[in-house]
Every structure is written in structure tokens, then in C-alpha cells.
Amino acid sequence: MSQYDEGHTVAGWTGFGIATVGVMGIGFGICAGNALGVWGGLAVVVISLLVTWVLHLAGWGKPPGRRPVGDWAMRAKDRTAREGHPGCLGCWLAGRGRPAELPARVTAETGKGEPVTGSAG
């Protein structure tokens with residue numbers, strides 16, 4: 001097994017399998033001169049991205065970087081997925097792992113922002 005444990009997850013292999021079917025559809029569409037086959041294959045590839053992302057967010061993927069060797073099993077579920085992984089684009093796009101910040105209200109007197117704590121009065 002790889003030293004870095006890249007892609008050895010349910011999310012990774014499921015996405016790979018679906019994308020392979022989509023690429024085969026694209027290839028068939030190109031060889032047959034069928035635009036519907038090409039567009040259908042592209043749609044399946046997009047679906048594979050979405051399925052992989054959803055599985056990653058459900059904990060069947062892995063965070064970026066190395067995992068402990070004990071977590072290398074393909075069916076090892078990631079229990080930290082709900083909080084989001086630092087540096088993970090998929091978690092960032094889902095709104096996970098971002099600090100919850102309140103918007104700042106700029107006052108006319110100081111020109112500086114102050115945290116919004118309640119309704120304006």
C-alpha cells in the first residue's frame with residue numbers, strides 16, 4: 001500500500017468507478033460520432049465528482065495528507081469529517097472548517113467595524 005494512503009477510500013474508488021464509465025461513454029461517443037454519447041459521458045463524469053464529494057462529506061473519504069496506518073483500511077470511516085478538514089477544498093466548499101465570524105457593522109463616528117450583536121436600534 002502507498003506510504004501516503006492516497007485515495008484508498010470508499011469515496012475515492014466509487015468516484016473512480018463512476019468516472020471510468022463516463023470516460024468510456026465519451027470515448028464511445030467520439031468513435032461513433034454521437035454527440036449524445038459525448039455529452040452523456042461528460043454528465044456521468046460530473047456525477048462522479050458530486051458522488052465523491054458527498055461520500056467525502058459523509059466520512060467515507062479522508063482528510064488531506066497522511067493518516068495513521070491503523071486508519072488505512074478502505075472501509076475506515078473518518079469521524080472528523082463533520083467538523084471539516086483543514087486545507088480541504090471539498091470541506092471548504094461545503095462550509096465546513098470555516099470559522100464562524102459575525103459580520104462587522106461600520107459606524108459613522110469611528111469608521112471602524114464593531115461586531116454585530118443584535119438588532120440595530
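Trainee: Which order do the elements of the protein chain run in from the N terminus on?
Mentor: This is a predicted model in which local features need pLDDT of at least 70 and side-chain atom pairs count only at pLDDT 80 or more, while totals for chains, interfaces and linings use all residues. Residues are numbered from 1 along each chain as its sequence is written, and side-chain values use heavy atoms, with hydrogens and water left out. Helices (H or I, at least four residues) and strands (E, at least two) are DSSP runs, numbered from the N terminus. The secondary structure comes to three helices and two strands, and from the N terminus on the order is α-α-α-β-β.

Trainee: How are α1 and α2 oriented to each other, roughly parallel or roughly antiparallel?
Mentor: Helix α1 covers residues 10–32, and helix α2, residues 35–60, packs with α1 at an angle of about 175 degrees, the axes being 7 Å apart. Axes here are lines fitted to C-alpha atoms, for helices over the stretch in contact, and angles run from 0 to 180 degrees between N-to-C directions. Because angles under 35 degrees count as roughly parallel, over 145 as roughly antiparallel, 65 to 115 as roughly perpendicular and the rest as oblique, α1 and α2 are roughly antiparallel.

Trainee: Is Gly 25 buried or partly exposed?
Mentor: Gly 25 lies in helix α1, and it touches Gly 37, Val 38 and Gly 41, not counting residues up to four places away in sequence, where contact means heavy atoms within 4.5 Å. Buried means under 20% relative accessible area, exposed over 50%, and partly exposed in between (1.4 Å probe, protein chains only). Since its relative accessibility is 22%, Gly 25 counts as partly exposed.

Trainee: Which residue caps the N-terminal end of α2?
Mentor: A polar contact is a pair of N or O atoms within 3.5 Å; within protein, one must be able to donate a hydrogen and the other to accept it, and residues adjacent in sequence count only if both atoms are side-chain atoms. At the N-terminal end of α2, a side-chain oxygen lies 2.9 Å from the backbone nitrogen of Leu 36, and the residue that provides this cap is Asn 34.

Trainee: Which backbone nitrogen does the side chain of Thr 9 reach?
Mentor: Thr 9 is found in the segment before α1 and is buried, with a relative accessible area of 4%. Residues touched by Thr 9 include Trp 60 and Met 74. At 3.0 Å, its side chain reaches the backbone nitrogen of Gly 12.

Trainee: How many disulfides does the structure hold?
Mentor: A disulfide is a pair of cysteine sulfur atoms within 2.5 Å. The sulfur of Cys 88 is 3.6 Å from the closest cysteine sulfur, in Cys 91, and is therefore too far for a bond. Cys 88 is buried at 12% relative accessible area, and Cys 91 is buried at 0%. The number of disulfides in the structure is zero.
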